[in-house]
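Below is a set of questions and answers about one protein model, written for a reader who wants to know how each term is defined.

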Amino acid sequence: MRVAVVGLGKLGAPLAAVLASKGNDVVGVDVNEKAVELVNSGRAPVEEPGLQELITASRDRLSATTEISAGADADASILLVPTPSNERGAFSNDYLLAAIEEIGRGLSDRSHYHVIVVGSTVMPGSCDGEIRATLERASGRVVGETVGLCYSPEFIALGNVIRDMLEPDMVLLGTSDSHAGDIAERLYRVMVDNDPPLRRMSLVNAELTKIAVNTYVTMKISYANALADICERLPGADVDVVTDALGLDTRIGKKYLRGAIAYGGPCFPRDNKAFATLTRDLGAEPLLAEATDAVNVAQTDRLARIVQSQLTDGGAVGILGLSYKPDTSVIEESAGVALGRILMQAGYNVHIYDPVATDAALAALGDAAHGAASAKDVLDQSDVVVITTPWPEFADLPLADEGPVVIDCWGIVPTERVQQPTTVIRLGRALAESRPG
């Protein structure tokens with residue numbers, strides 16, 4: 001199939017490469033000339049494990065252009081352009097509508113059937129509202145007749161994008177009509193390596209499902225973190241023991257039920273806020289989404305309180321892990337960056353290190369933060385060290401007999417590596433009991 005992928009960012013570039021690897025003729029489209037140049041020269045425009053290998057293997061089926069209207073030459077266009085949050089927390093469709101306008105104009109002087117698949121996260125009601133209206137006006141066609149409109153967002157995590165695209169838990173497909181749905185389903189069925197359940201539904205139901213999934217996941221994370229806060233104050237309690245038992249109940253499940261620190265990244269925080277905005281706009285009760293967000297925001301204060309309990313005035317703090325999760329350099333809504341801001345404002349010296357995100361974190365935190373060249377350098381310069389991102393290399397920290405207190409937010413340092421008098425504090429246990437031995 002001839003496919004155009006509009007948007008060569010952190011999701012679009014991997015999707016274009018995956019589609020090409022499955023035998024499709026793919027043109028990537030982006031207004032960023034540098035990204036287009038990189039793809040056309042066989043290089044990955046973004047960092048993502050496995051992406052460069054896929055692009056190298058599929059060069060004869062993958063090209064790129066800055067001409068958005070070129071998407072009209074394909075059988076299908078998949079749009080993965082930014083939909084940034086506005087001041088109310090709702091997603092803005094401005095970039096999406098601009099792309100659809102250009103593709104629609106290209107379709108106006110062509111006769112072949114074309115399907116547009118919106119992959120960007122949008123507010124429920126967008127596809128049947130302004131997106132459909134823009135497409136029909138620009139193309140001079142009627143959705144459901146000579147042009148189709150689908151909504152199929154990706155459920156992925158940065159650092160695992162390609163794997164999640166090839167082996168998704170499910171494929172969600174909102175459709176304007178059965179013909180458009182058949183074409184999009186055929187495209188996605190060929191793309192995946194597993195045999196995931198595929199759910200076809202109306203456009204608005206698919207839009208709501210997308211943000212409902214992420215909102216539900218954030219609720220589980222905040223619930224586990226609330227339990228961890230309780231366990232840190234309750235002698236004898238251990239959040240890992242509690243959540244392990246909770247997860248055995250099939251009504252609950254183990255995924256994302258782990259007491260640690262705040263969730264972050266480019267999706268979870270803003271999807272939860274968008275859900276609350278939608279709820280308020282419809283006159284429904286937004287308390288659940290707002291409570292989830294409030295609990296999450298409180299987690300950084302909780303962590304800062306624990307850190308400060310181990311420090312004296314003028315002490316130095318090391319933060320290991322500034323990306324919001326391993327295997328990505330993205331620091332958006334990062335717990336490590338947020339903790340650094342609080343501690344610097346409180347007057348502490350803050351030393352930071354991340355395998356790939358130190359420079360980005362330094363740019364965000366400003367001159368008061370001290371970048372380190374390695375995890376060992378952070379240990380040597382700090383009185384307390386906090387592991388805020390569970391990069392695998394941090395499990396092998398060179399712990400010294402007289403080293404700093406280590407606050408292991410994710411429990412990645414093996415118990416057998418902890419020797420007295422080194423102190424390793426694990427979250428989710430009564431602090432007085434978070435000692436080796």
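Q: What is the order of strands in the open sheet of six strands?
A: Residues are numbered from 1 along each chain as its sequence is written, and side-chain values use heavy atoms, with hydrogens and water left out. Strands here are DSSP runs of E with at least two residues, helices are runs of H or I with at least four, both numbered from the N terminus, and two strands pair if DSSP finds at least two bridges between them. With parallel pairing, the order is β11-β10-β9-β12-β13-β14.

Q: Which strands stand at the edges of this sheet?
A: An edge strand has a single partner, so one of its sides is left without a neighbour in the sheet. The strands in that position are β11 (370-371) and β14 (424-426).

Q: Which residue in β10 does Gly318 stand opposite?
A: β9 and strand β10 (residues 349-353) pair in the parallel sense over five bridges. Within β10, the residue opposite Gly318 is His351.

Q: Is Ser323 buried or exposed?
A: Ser323 lies in the loop between β9 (316-320) and α12 (335-345). Buried means under 20% relative accessible area and exposed over 50%, with partly exposed in between (1.4 Å probe, protein chains only). Because its relative accessibility is 1%, Ser323 counts as buried.

Q: With the side chain of which residue does the side chain of Ser323 make a polar contact?
A: A polar contact is a pair of N or O atoms within 3.5 Å; within protein, one must be able to donate a hydrogen and the other to accept it, and residues adjacent in sequence count only if both atoms are side-chain atoms. At 3.3 Å, the partner of the Ser323 side chain is that of Trp391.

Q: Which residues touch the most other members of the largest nonpolar core?
A: A nonpolar core is a set of buried Ala, Val, Leu, Ile, Met, Phe, Trp, Tyr and Cys residues joined through side-chain atoms within 4.5 Å. Helix α1 (residues 12-21) gives the most to this core, with seven residues. Of its 42 residues, those touching the most other members are Leu19, Ile78 and Val115.

Q: Over which residues does pLDDT stay under 50?
A: The mean pLDDT of the protein chain is 94, and 97% of its residues reach 70 or more. Where pLDDT is low, the predicted coordinates should not be read in detail. The stretch under 50 is residues 433-437.

How values were computed:
Predicted model: local features only at pLDDT ≥ 70, side-chain atom pairs only at ≥ 80, totals over all residues. pLDDT = per-residue confidence, 0-100. Contact = heavy atoms within 4.5 Å.
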